[in-house]
Amino acid sequence: MDRNSLKKNMLLKRKNGEVQIKGQGDSEIKGNSIGDTEQIFRVLAIADEEILVIDCIKKTMPAWMEIEKLDDFTEEKETRYFFRKYNTKQTEYISRNGLSYYQRNQRPLTGDGVQAFAPHVGVGMLDATILDIYLINEAGGIVGRSILTACVDAYSGLCCGYLLSWEGGVYSLRNLMLNVIADKVEHCRAFGIAINRQDWDCDKLSGKVVTDMGSEYRGTVFEQMTDLGIQITNLPSYRPELKSKVEKFFDCIQGYYRNQLKGKGVVEPDFQERGVHDYRKDACLTMADFEKIIIHCILFYNCSRVLENFPYTEEMLAMEIKPYANEIWNYGCGQDGWMQSHQCQQETAYPDPAPEGNRQIHKIRAVGQWDALPQQAVQGAVPEWERMYCRL
């Protein structure tokens, strides 16, 4: 085969033989054929005396091969058939960047997405992130960047609860569950913010909780929620797009306050570059002041953010449900089939993070009868009870 007959993306096939392929440098690498029967190469580039080829079967790195050694190679129709049959776009993308990158960024999106996974209200997605702003304490000293932990409903996108803290882990989940079941009207009133109950009418735990593979979600402490009838689903590692609702929530919340608080401790994208401004020197907000801002951002997210691609039904259109998270949440809570919750037990509002074996889950029945607990645990050892809800 001469150089004039070569074309880019041409498929070359050789049977019952071996070929000498030049690697990096002047040394030559001897490549064995697949099963000692055939080799199929794809031409990527053509030089004066060499061509750049890639093995279509082994999916190896491209290598340069001399043109004069192409006498035993031919281009046949059966080669193109073999190539189109086994070298699909999916296998090509996976072989280039790996399966994880393909699943995150290149896989085809079919169906209704999250709505197919959560067809009704009651599926909560949990996650935490470090906010891009530095805060100070009451004395004016720099403390650091706070952590926002949130629970977002997968169907409507409503923020069911949040927690702004300095540390994550099991204790942040405990306080997050307290906020989820709290009366949001009273919670906002404590910060001097007046809202209507329809703006944030969420005071029950979700019947199903979706989390990642974080250690705080896979531990025995978080598993105590299953005693309330809650189903816990742990997603695979490095797959944030599977809980896109809560990831988008973090992106929206930080986008709301970033421009308004610029120059007050907000971290810009160039903070890791050499010679840039030290954003810690601009910090001027305390945790209490910043939490008021977060509440206003969450209220805007729940009541004013338009859900453009939400799959409306004919009933929702007839009822003139507005495309806001709180409106869809209120509509979904009144429909059949959602993970409805009833007050079946009254629990302590947090799981006891004691070591396994010494841990005690203090609980009291709705009828007022104690579970089997040591007498010393009942007498003065039980903190103030909080209302908890569980799935039937």
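Me: Is Y301 buried or exposed?
Reply: Y301 is buried, with a relative accessible area of 2%. Keep in mind that this is a predicted model.

Me: Which ring does Y301 pair with, and how are the planes set?
Reply: Y301 pairs with F249. The ring centres are 5.0 Å apart and the planes are at 80 degrees, so the pair is edge-to-face.

Me: Where do F249 and Y301 lie in the chain?
Reply: F249 is in helix α8, residues 244-258, and Y301 is in helix α9. The two parts are 52 residues apart in sequence, so the pair ties them together.

Me: And F249, buried or exposed?
Reply: F249 counts as buried, at 0% relative accessibility.

Me: What about Y257 and F290?
Reply: Y257 and F290 also form an edge-to-face aromatic pair, with 5.3 Å from centre to centre and 90 degrees between the planes. Y257 sits in helix α8 and F290 in helix α9, 33 residues apart, and the pair links distant parts of the chain. Both residues are buried.

Me: How many aromatic pairs are there?
Reply: The count comes to 8 aromatic pairs. On clusters, Y155, F310 and Y312 form one.

Me: Which charged side chains lie over a ring face?
Reply: R145 lies over the face of F271, at 5.8 Å from the ring centre. K184 lies over the face of W200, at 5.7 Å from the ring centre.

Me: Change of topic, the core. Which residues touch the most other members of the largest nonpolar core?
Reply: F249, F290 and I294 do, in a core of 65 residues. Helix α9 gives the most to this core, with 8 residues.

Me: What is I294 in contact with?
Reply: Leaving aside neighbours within four places in sequence, I294 contacts L131, L148, Y162, L164, I253 and Y257.

Me: Which residues are in the other core?
Reply: Another core, of 11 residues, lies apart from the largest one, and its members include L12, V43, V53 and L70.

Me: Now cysteines. How many disulfides?
Reply: A search of the whole structure finds 0 disulfides.

Me: Which residues of helix α11 are buried?
Reply: Helix α11 covers residues 325-333, and A325, N326, I328, W329, Y331 and G332 are buried there.

Me: What covers them?
Reply: The cover includes strands β8 (142-153) and β9 (159-165), along with helices α9 (287-303) and α10 (314-318).

Me: Last, the overall numbers. How many helices and strands?
Reply: The protein has 12 helices and 15 strands. Of its 392 residues, 40% count as buried.

Me: What about contacts and surface?
Reply: Among contacts between residues at least 6 apart in sequence, 59% join residues at least 24 apart. The accessible surface comes to about 21800 Å², and 47% of that belongs to carbon and sulfur atoms.

Key. Residues numbered from 1 in each chain as written. Predicted model: local features only at pLDDT ≥ 70, side-chain atom pairs only at ≥ 80, totals over all residues. Heavy atoms only, no water. Buried < 20%, exposed > 50% of the residue type's maximum accessible area, 1.4 Å probe, protein only. Helix = DSSP H or I, 4+ residues; strand = E, 2+ residues; numbered from the N terminus. Contact = heavy atoms within 4.5 Å. Phe/Tyr/Trp six-rings, centres within 6.5 Å; stacked < 30°, edge-to-face > 60°. Lys NZ or Arg CZ within 6 Å of the ring centre and 35° of its normal. Areas by Shrake-Rupley, 256 points an atom, 1.4 Å probe, with all protein chains shown as cover. Disulfide = S-S within 2.5 Å. Core = buried A, V, L, I, M, F, W, Y, C linked by side-chain atoms within 4.5 Å.
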